[in-house]
Amino acid sequence: MLALDDLVKQASKNAKVTIAVAAAHDRDVMEAVISAGKEGIADAILIGDVNRICEIMDDMGENSNKYEIIPASDNTACARKAVQLVRTGKVNLLMKGILDTAELMRAVIDKETGIRTGNLISHTMVYESPSYHKLLFLTDGGMNTFPDLNAKKEILKNTARLMRALGYEEIQAACVCGAEKVNPKITSTVDAQSLSDMTSEWAPYHMNVYGPVGLDLAISPQACRHKGYSVKGGGKADILLVPNYEVGNGIGKALSCFGNAKNAGIVLGASAPIILVSRSDSAQSKLYSIALGSVVTAAFHEHN
């Protein structure tokens with residue numbers, strides 16, 4: 001069964017990627033970047049407060065002369081300069097440092113200087129929980145606030161592409177709602193039923209989509225037996241598609257804060273993957289995210 005440590009091992013076997021780190025002046029960010037370099041996963045171009053970056057490196061016993069460091073006066077400048085490195089092809093990956101997600105994404109989606117494509121941009125968090133038997137892919141708790149049906153379809157496809165790149169041959173995707181019955185007054189349940197009916201959309205990804213379904217029945221075979229829920233994929237979800245970002249953010253933070261889950265995060269749909277987890281996430285989480293970005297980049301390049 002795939003684990004987050006496996007991503008680090010796999011990434012270390014791939015060709016090194018180069019990442020642009022926006023607002024790199026943070027100890028956890030630097031620790032992850034340095035670890036990624038030592039593991040042979042990634043080289044990094046660091047954008048931000050040069051003095052602070054060098055101070056952190058000195059404190060960690062790292063030679064700052066080994067890195068290309070680009071000064072930036074504020075978070076907006078950090079984001080723009082990092083995105084520009086992606087646009088010019090100098091880097092393979094963009095990484096969020098110690099700045100707000102919205103500040104980074106404004107630069108990403110800028111019509112003149114950003115890195116948008118024709119695809120929907122969405123965020124997926126990958127959780128390894130001691131209380132669940134496999135990785136959970138939670139989407140979208142970071143980008144799309146209140147997605148409509150078409151957006152949910154594209155969000156699912158982005159996560160399915162991610163999982164296929166990681167080697168998944170079959171995928172179980174649960175459309176998480178407050179209950180299992182379709183209620184015309186509750187849009188999320190209507191959307192979930194529609195998504196579960198789109199079997200031709202999911203066939204290329206070998207993905208089974210089911211819902212509406214409560215969180216317990218998405219991940220617990222015991223709950224499924226107790227409640228008599230026998231839908232294919234019940235209790236065995238790989239993907240949790242949430243109805244809005246607040247639900248996704250809440251489930252994710254609960255997994256980390258209460259459930260001691262390890263995690264990695266990535267944004268797909270732009271012209272390059274974006275390594276993105278919460279500023280409060282650990283250096284280990286950020287290293288896992290860099291590894292995830294490396295593995296996905298290698299797989300996408302091979303496919304293309």
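How many aromatic pairs does the count come to? The count comes to two aromatic pairs, where rings of Phe, Tyr and Trp (its six-membered ring) pair if their centres lie within 6.5 Å, and planes under 30 degrees apart are stacked, over 60 edge-to-face and the rest tilted.

## Ground rules

This is a predicted model, where local features need pLDDT of at least 70 and side-chain atom pairs count only at pLDDT 80 or more, while totals for chains, interfaces and linings use all residues. Numbering starts from 1 along each chain as its sequence is written, and side-chain values use heavy atoms, with hydrogens and water left out.

## Overall build

The protein chain has twelve helices and eleven strands; these are DSSP runs numbered from the N terminus, with helices (H or I) needing at least four residues and strands (E) at least two. Its C-alpha trace spans about 60 × 40 × 35 Å along the principal axes. The radius of gyration is 19 Å, which agrees with the value near 19 Å for a compact globule of 304 residues (taken over C-alpha atoms, the rule being 2.2 Å times the number of residues to the power 0.38).

Buried residues make up 54% of the 304, where buried means under 20% relative accessible area, exposed over 50% and partly exposed in between, using a 1.4 Å probe and protein chains only. Of the contacts (heavy atoms within 4.5 Å) with a separation of 6 or more, 71% are between residues 24 or more positions apart.

## The two ring pairs

Back to the rings. Phenylalanine 137 and tyrosine 168 have ring centres 5.5 Å apart and planes at 90 degrees, so they are edge-to-face. Phenylalanine 137 sits in strand E6 (residues 136–139) and tyrosine 168 in the loop between H6 and E7, 31 residues apart. Phenylalanine 137 is buried at 0% relative accessible area, and tyrosine 168 is buried at 13%.

Phenylalanine 146 and tyrosine 245 also pair edge-to-face, at 6.0 Å centre to centre with 90 degrees between the planes. Phenylalanine 146 is in the loop between E6 and H6 and tyrosine 245 in helix H11, so this pair ties together parts 99 residues apart in sequence. On accessibility, phenylalanine 146 is exposed at 56%, and tyrosine 245 is partly exposed at 31%.

## The second largest pocket

This pocket holds about 470 Å³ of space. Its lining has 25 residues, with Gly141, Gly142, Asn249, Lys253 and Ser278 closest to the centre. Strand E5 (122–128) and helix H11 (245–257) are the elements giving two or more residues, and H11 has the largest share, seven residues.

As for the grid details, both pockets and cavities come from a 1 Å grid over the protein atoms alone: a cavity is a set of points where a 1.4 Å probe fits but cannot get out, a pocket is an open set with protein on both sides within 12 Å along at least five of seven lines, and lining residues have an atom within 4 Å of a point. Volume is the space filled by probe spheres set on the points, which are joined across faces, edges and corners.

Among the residues lining it are Lys152, Cys175, Asp191 and Leu195. Strand E7 (171–176) and helix H7 (187–197) each give two or more residues, with H7 giving the largest share, four.

Lysine 153 is in helix H6 (residues 149–165). Lysine 153 is buried, with a relative accessible area of 15%. Not counting residues up to four places away in sequence, lysine 153 touches Leu195, Met198, Glu201 and Trp202.
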